[in-house]
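Student: Please take a close look at one part of this model, the helix packing, and describe it in one go.

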Amino acid sequence: MVSDDVLRTHLQELRRGTVVVASLVALRRPDYGYALLQRLTGHGFPVDANTLYPLLRRLEEQGLLSSEWNTEESRPRKFYRTSESGEQVLRRLLDDLSAVQTSLTDLIEGAPR
């Protein structure tokens, strides 16, 4: 019997890359960090805030996200949006994700190569 810790570790590894893809998709519509956290969780991508905020900073440093501060409300919020470079990377990631899914399906169904 596999321990819960082993399974949890593998599920975490599996989801780690998909959170990048999900964030780039979700941020096609500008949003701030906490709202993104809630939206991702609501769509089956539970992410800890201590994981998401460094990810957003990294994606911004890589030029995949752009950001701007909204200071019109009582509490300033930083809004993120997928940049043009982010869209290009996202398209490639989605293509690769689709190819991985096809390959896994072929393996599961025993399709010859």
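Tutor: Contact here means heavy atoms within 4.5 Å, and helices are DSSP runs (H or I, at least four residues) numbered from the N terminus. The model is predicted, so local features need pLDDT of at least 70 and side-chain atom pairs count only at pLDDT 80 or more, while totals for chains, interfaces and linings use all residues. Residues are numbered from 1 along each chain as its sequence is written, and side-chain values use heavy atoms, with hydrogens and water left out.

Take helix α2 (residues 33-42) and helix α3 (residues 49-61): their axes come within 10 Å and cross at roughly 120 degrees. Axes are lines fitted to C-alpha atoms, for helices over the stretch in contact, and angles run from 0 to 180 degrees between N-to-C directions. That angle makes α2 oblique to α3; under 35 degrees counts as roughly parallel, over 145 as roughly antiparallel, 65 to 115 as roughly perpendicular and the rest as oblique. On the α2 side, G33, Y34, L36, L37 and L40 meet A49, L52, Y53 and L56 of α3. These residues divide into eight nonpolar, one polar and no charged (nonpolar: Ala, Val, Leu, Ile, Met, Phe, Trp, Tyr, Cys and Pro; charged: Asp, Glu, Lys and Arg; polar: the others, Gly among them).

Helix α1 (residues 4-26) also packs on α3, with axes that come within 11 Å and cross at roughly 70 degrees. The two are therefore roughly perpendicular to each other. V19, V20, S23 and L24 of α1 make this contact with L52, L55, R58 and L59 of α3. Six of these residues are nonpolar, one is polar and one is charged.
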